[in-house]
Amino acid sequence: MSDASTLGLPAPAVSVVVPVRNEAGNVAPLVDEIAAALAGRAFEIVYVNDGSADATQTELLALMRTRPYLRQLKHRVSCGQSAAVRSGVAAARAPLVVTLDGDGQNDPKFLPALIDAVGQGGARVGLAAGQRVGRKASGFKRLQSRVANGVRATILRDGTRDTGCGLKAFRREVFLALPYFDGLHRFLPALFRRDGYAIAYVDVIDRPRRHGVSNYGLWDRLWVGILDLAGVRWLIRRRKHVPKVSEV
């Protein structure tokens with residue numbers, strides 16, 4: 001895998017992490033949209049191929065020949081969305097990471113607003129979270145999200161209307177210090193608050209999926225999420241104080 005220095009590229013200020021599984025038809029247009037949205041910034045795009053069985057790897061390899069900012073990581077077998085996000089963040093070269101889903105429903109034009117929300121918030125803001133309006137999904141999926149977000153907000157009191165949106169920006173070192181578990185990506189606002197950080201919110205507009213079908217579905221999100229809620233609530237209750245450390 002090529003290193004930014006060997007390619008003569010500046011160190012990226014922003015790493016874009018995109019978890020994908022079987023999204024071959026969505027790769028090329030999304031990569032180009034991300035690059036257009038971040039034109040003028042030093043960035044890299046890290047695709048995490050989560051055990052795809054289609055032509056996702058081939059599509060990415062073809063694009064990498066002409067797009068030196070594009071990287072691909074691969075899970076030999078699918079490990080889930082949270083694992084893919086964490087693999088990408090761990091490999092990211094920039095101190096600021098933004099994420100979005102690989103199906104094209106998250107519009108990259110909102111990436112600059114998320115990046116700026118973290119930067120303008122200063123050290124106190126650890127995460128900027130996209131909040132979907134006009135969501136392009138089936139009635140059942142919208143109902144599912146409303147129920148899940150309502151239950152989560154009641155139990156965790158994280159002040160977040162929509163944690164299911166893949167559009168997020170956060171400080172890499174803060175994310176990597178969070179306790180890891182499968183499903184982590186759904187609880188980032190609550191966990192960042194647990195560690196003493198403020199959350200910024202950016203309204204974003206959802207788009208219809210271009211190609212393919214959802215790879216992380218109802219059973220991946222709903223029933224496992226109920227168990228995760230209990231675990232996250234326990235983690236929050238066990239965090240008595242956030243240390244303010246200074247060396248004497």
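Two strands count as paired if DSSP finds at least two bridges between them. In this predicted model, four bridges join strand E4 to strand E6 (residues 168–171), and the two run antiparallel. The protein has eight helices and seven strands, and 49% of its 248 residues count as buried.

**Sheet**
- The seven strands form an open, mixed sheet in the order E3-E2-E1-E4-E6-E5-E7.
- Strand E3 (70–75) and E7 are the edge strands, each pairing on one side only.
- On average, neighbouring strands of the sheet are turned by 20° against each other, direction ignored.
- Valine 97 has phenylalanine 170, in E6, as its bridge partner.

**Helices on the sheet**
- H1 lies across E1, E2 and E3, and runs at about 155° to E2.
- H4 lies across E1, E4, E5, E6 and E7, and runs at about 145° to E5.

**Nonpolar cores**
- The largest nonpolar core has 35 residues, of which Val16, Val18, Ile34, Ile45 and Tyr47 touch the most other members.
- Among the elements that give two or more residues to this core are strand E1 (14–20), helix H1 (24–37), strand E2 (43–50) and helix H4 (111–121).
- Beyond its neighbours within four places in sequence, isoleucine 45 is in contact with Val16, Val18, Val31, Ile34, Ala35, Tyr69, Leu70 and Arg71.
- A second, separate core of 24 residues includes Ala84, Phe181, Leu184 and Leu229.

**Contacts and surface**
- Of the contacts between residues at least 6 apart in sequence, 81% join residues at least 24 apart.
- The protein exposes about 11,900 Å², with carbon and sulfur atoms supplying 57% of it.

Definitions and conventions:
Residues numbered from 1 in each chain as written. Predicted model: local features only at pLDDT ≥ 70, side-chain atom pairs only at ≥ 80, totals over all residues. Heavy atoms only, no water. Core = buried A, V, L, I, M, F, W, Y, C linked by side-chain atoms within 4.5 Å. Buried < 20%, exposed > 50% of the residue type's maximum accessible area, 1.4 Å probe, protein only. Contact = heavy atoms within 4.5 Å. Areas by Shrake-Rupley, 256 points an atom, 1.4 Å probe, with all protein chains shown as cover. Axes fitted to C-alpha atoms, helices over the stretch in contact; angles between N-to-C directions.
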